[in-house]
Amino acid sequence: MLFVEKQKREDRARESQLLHLLNAIDDNHDNIITFQEFCDCLERQDIIDYFSALHVDIEDAKQFFPLLDEDGCGQVDLIQFVTGMEKLRGEARSADIHIVLHQNRKVMTMLNKLMKLLGGQGDVTC
């Protein structure tokens, strides 16, 4: 039971850190992070320190942001941000895997379009 309580406290603390990070990134405080806000924030040492404390390695904003912006609308709301960051936290390998998965989905979409264009049936799956 002690372990479960400790885990719950750590989860609440992490969620609180994510909300602070969101507020620090969100320049106009509309609870939405645009790609530009995201890129701009990566120039600030306090934001870099937040990401580091959360064990999230961001080397390329253009590759990382779409992992948070799963619907591709160019912005991330509070829910997308928190769930995306939770999914990507940990070793850099986790983020790398998600980048590869995201790129793979894009390639599969392009391949399906190409197959349809060439008269094939499309809907290539692996």
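1. Aspartate 46 has a relative accessibility of 36% and therefore counts as partly exposed. This residue belongs to a predicted model, as does every other residue discussed in this note. The side chain of aspartate 46 meets that of arginine 44 in a salt bridge, with N and O 2.7 Å apart. Arginine 44 is partly exposed as well, its relative accessible area being 32%.

2. A further salt bridge joins lysine 6 to glutamate 10, and here the closest N and O atoms are 3.9 Å apart. The cut-off for a salt bridge is 4 Å, so this pair is counted. Lysine 6 and glutamate 10 stand four residues apart in helix H1, which means that about one helical turn separates them. An α-helix has 3.6 residues a turn, so residues three or four places apart point the same way. Lysine 6 is partly exposed, at 43% relative accessibility, and glutamate 10 is likewise partly exposed, at 35%. The count of salt bridges in the model comes to two.

3. Where does aspartate 26 lie in the chain? The residue is in the loop that runs between helix H1 (2-25) and strand E1 (32-34). Aspartate 26 is buried, yet it takes part in no salt bridge. The nearest side chain of opposite charge is that of arginine 44, at a distance of 10.0 Å. What does lie at hand is a backbone atom: the nitrogen of aspartate 30 is 2.9 Å from a polar atom of the aspartate 26 side chain. When neighbours within four places in sequence are left aside, aspartate 26 is in contact with Asn31, Ile32 and Glu37.

4. The loop between H1 and E1 also holds histidine 29 and asparagine 31. Most residues other than glycine have a negative phi. Histidine 29, however, has a positive phi, near 55°, and asparagine 31, which is not a glycine either, has a positive phi of about 65°. Are these two residues buried or exposed? Histidine 29 counts as exposed, because its relative accessibility is 59% and the cut-off is over 50%. Asparagine 31 counts as partly exposed, at 39% relative accessibility. Asparagine 31 is also one of the residues in contact with aspartate 26.

5. The next point concerns helix H5, which spans residues 78-88. Which residues of this helix are buried? They are Gln80, Phe81, Val82, Gly84, Met85 and Leu88. At the start of H5, a side-chain oxygen of aspartate 77 comes to within 3.1 Å of the backbone nitrogen of isoleucine 79.

6. Glutamine 80 lies in helix H5. Glutamine 80 counts as buried because its relative accessibility is 16%, and the cut-off for burial is under 20%. Not counting residues up to four places away in sequence, glutamine 80 touches Leu68, Asp69, Glu70, Asp71 and Gln75. Glutamine 80 and alanine 24 are 56 residues apart in sequence, and their C-alpha atoms are 16 Å apart in space.

7. Histidine 102 is part of helix H6, residues 92-117. How does its accessibility classify histidine 102, as buried or exposed? At 16% relative accessibility, histidine 102 counts as buried. Apart from neighbours within four places in sequence, the contacts of histidine 102 are with Pro66 and Leu67.

8. The remaining remarks concern the chain as a whole. The chain contains six helices and two strands, and along the sequence these follow the pattern α-β-α-α-α-β-α-α. The radius of gyration of the chain is 17 Å, whereas a compact globule of 126 residues would have one near 14 Å. Along the principal axes, the C-alpha atoms fill a box of roughly 55 × 40 × 25 Å.

9. How many of the 126 residues are buried, as a percentage? Buried residues make up 29%. The chain exposes about 8500 Å², of which carbon and sulfur atoms supply 55%. Of the contacts between residues at least 6 apart in sequence, 52% join residues at least 24 apart.

Definitions and conventions: Residues are numbered from 1 along each chain as its sequence is written. This is a predicted model: local features need pLDDT of at least 70, side-chain atom pairs count only at pLDDT 80 or more; totals for chains, interfaces and linings use all residues. Side-chain values use heavy atoms; hydrogens and water are left out. Buried means under 20% relative accessible area, exposed over 50%, partly exposed in between (1.4 Å probe, protein chains only). Lys and Arg count as positive and Asp and Glu as negative; His and the chain ends are not counted. A polar contact is a pair of N or O atoms within 3.5 Å; within protein, one must be able to donate a hydrogen and the other to accept it, and residues adjacent in sequence count only if both atoms are side-chain atoms. Contact means heavy atoms within 4.5 Å. The radius of gyration is taken over C-alpha atoms; the globule rule is 2.2 Å times the number of residues to the power 0.38. Accessible areas come from the Shrake-Rupley method with a 1.4 Å probe; for residues, only the protein chains shown count as cover.
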